[in-house]
Amino acid sequence: MMKLYMVTKRNKESVVLTPIVLQGFSRSNPIADNADMRRSRHNNALQVHDDWPIRKALTLSDVDITHPFLTLPRQPVETYILVHLTQLERDHLLNREQVPINAQDDDTGDLYVMKLKWRGSYYNLIGKWGRIVRSKGLDVGKEIKIRWFNGCLHFSVPQQQVLAIPPLQIIPAPVPHHDQWPIRKVLTLSDVDTNHPFLPLARRSVEDHILVHWTPQQRELLRNEEQVNLNARDVDTGDIYVMKLRWRGNYYNLIGKWGKIIRSKGLGVGKEIKIRWANGCLHFSVPYEQTVVPTTIPVMHQQEEWPIKKALTLSDVDTNHPFLTLPGKSIEDHILLYWASQAREQLRTELQINVNARDYDTGDLFLMKLKCRGSYYNLIGKWGQIIRGKGLQVGQEIRVRWDNGYLVFSVPQ
């Protein structure tokens with residue numbers, strides 16, 4: 001066994017050596033102890049690098065280098081990124097201004113100066129994104145992981161990963177059984193409104209199951225012109241329509257003959273429409289045997305029933321710009337469904353309407369406004385007063401329902 005000594009006294013005749021006692025090391029096998037320490041440090045490093053609170057499978061628009069931007073969902077960005085920004089930077093974002101941020105590719109170590117931009121219900125990461133798409137060879141279905149660390153946005157797209165989205169071209173052109181429908185949607189109040197006929201479809205569903213079959217020229221035309229003509233076939237009747245697909249940011253609208261389809265098929269709230277792409281044509285079906293099953297709200301005297309629930313985000317509790325954002329489908333299915341047609345029409349034409357609101361926890365009444373923002377709604381008016389009075393914070397759950405002419409909300413303490 002090797003021993004270590006320290007010189008404690010020196011003179012002309014002699015040198016005195018004192019043994020050194022090493023604390024924390026096993027006398028039996030120091031080499032094994034060193035190996036254990038190295039493994040421990042390596043495992044700890046892996047645990048740190050596996051802490052990615054934001055993960056997303058890349059879509060067609062995310063890897064489009066002609067219009068390069070990465071779309072990120074609103075709530076994760078506000079929960080895990082915006083909380084690290086200054087109040088001035090957050091104010092810039094709320095004013096629809098873009099904020100510069102430093103970004104690092106953890107796979108290569110490359111650093112970029114990029115920009116974060118608020119788009120209402122989502123955020124875009126722009127700047128050098130096109131360069132990143134090309135240099136990393138990003139493709140649809142790969143998973144990007146994002147976190148904020150040391151004043152910088154870190155991202156990673158491991159190259160060894162396999163596509164998270166299964167191959168879309170395996171859907172045969174002639175479908176012998178009408179059971180392969182990759183896009184399904186329960187129709188809402190706005191979907192069957194013949195005064196403003198359009199069918200909104202989720203962006204990712206359209207890009208993953210329709211646009212993936214298009215040529216690059218067709219996709220570029222849709223991106224530049226924002227709408228493209230297409231043939232649509234009603235599988236139930238065999239009727240064919242010339243319609244248009246219009247890009248609207250985080251969703252696509254199917255327009256043209258949609259009002260005629262609503263009337264001819266007698267479409268109503270709660271029916272399910274099924275959609276697929278085959279043989280260069282959009283196919284859709286709403287089986288006749290289906291009964292209209294509107295989303296129901298249980299009897300309101302059972303106060304524990306809350307059809308709309310949401311975890312509050314950073315923008316929901318910002319008293320400088322006070323508004324509560326609620327998803328459009330939830331509002332249409334659980335609130336507008338109980339309104340008179342005149343009230344719904346007023347909201348549709350004026351994009352906002354006065355509503356009576358009641359705090360279930362305190363019994364306080366408020367005169368507020370519900371404002372239509374397209375794919376979502378904002379509750380404004382006295383919302384700042386409610387934030388301060390209830391001491392609302394990010395992550396708390398708000399519950400909402402419609403009850404006897406009042407929009408009722410609760411935030412359990």
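The open sheet here has seven strands in the order 10-15-16-12-13-14-11, with mixed pairing; strands are DSSP runs of E, at least two residues, helices are runs of H or I, at least four residues, and both are numbered from the N terminus. Two strands pair if DSSP finds at least two bridges between them. Strand 10 (183-186) and strand 11 (199-202) are the edges, each with a single partner strand, so one side of each has no neighbour in the sheet. On average, neighbouring strands are turned by 30° against each other, direction ignored; axes are lines fitted to C-alpha atoms, for helices over the stretch in contact, and angles run from 0 to 180 degrees between N-to-C directions.

Before I go on, the basis. This is a predicted model, where local features need pLDDT of at least 70 and side-chain atom pairs count only at pLDDT 80 or more, while totals for chains, interfaces and linings use all residues. Residues are numbered from 1 along each chain as its sequence is written, and side-chain values use heavy atoms, with hydrogens and water left out.

Back to the sheet. Strand 12 (residues 227-234) and strand 16 (residues 281-285) pair in the parallel sense over three bridges, and Ala-232 has Leu-282 of strand 16 as its bridge partner. Helix 6 (residues 216-225) packs on the sheet, touching strands 12, 13 and 14, with its direction at about 120° to that of strand 12. Contact means heavy atoms within 4.5 Å. Helix 7 (residues 258-265) runs at about 130° to strand 13.

Now the rings. The whole structure has six aromatic pairs; rings of Phe, Tyr and Trp (its six-membered ring) pair if their centres lie within 6.5 Å, with planes under 30 degrees apart counted as stacked, over 60 as edge-to-face and the rest as tilted. Tyr-112 and Phe-155 have ring centres 6.5 Å apart and planes at 35°, so the pair is tilted. Tyr-112 is in strand 6 and Phe-155 in strand 9, 43 residues apart. Both are buried (under 20% relative accessible area; exposed is over 50%, partly exposed in between, 1.4 Å probe, protein chains only).

Ring pairs also link Phe-366, Trp-383 and Phe-409 into a cluster. Trp-383 is among the buried residues of helix 10 (residues 383-390). Those buried residues fall within an arc of 160° seen down the axis, so they line one face of the helix; the arc is that of the directions from the helix axis to the C-beta atoms. On the other side, Arg-388 and Gly-389 are exposed.
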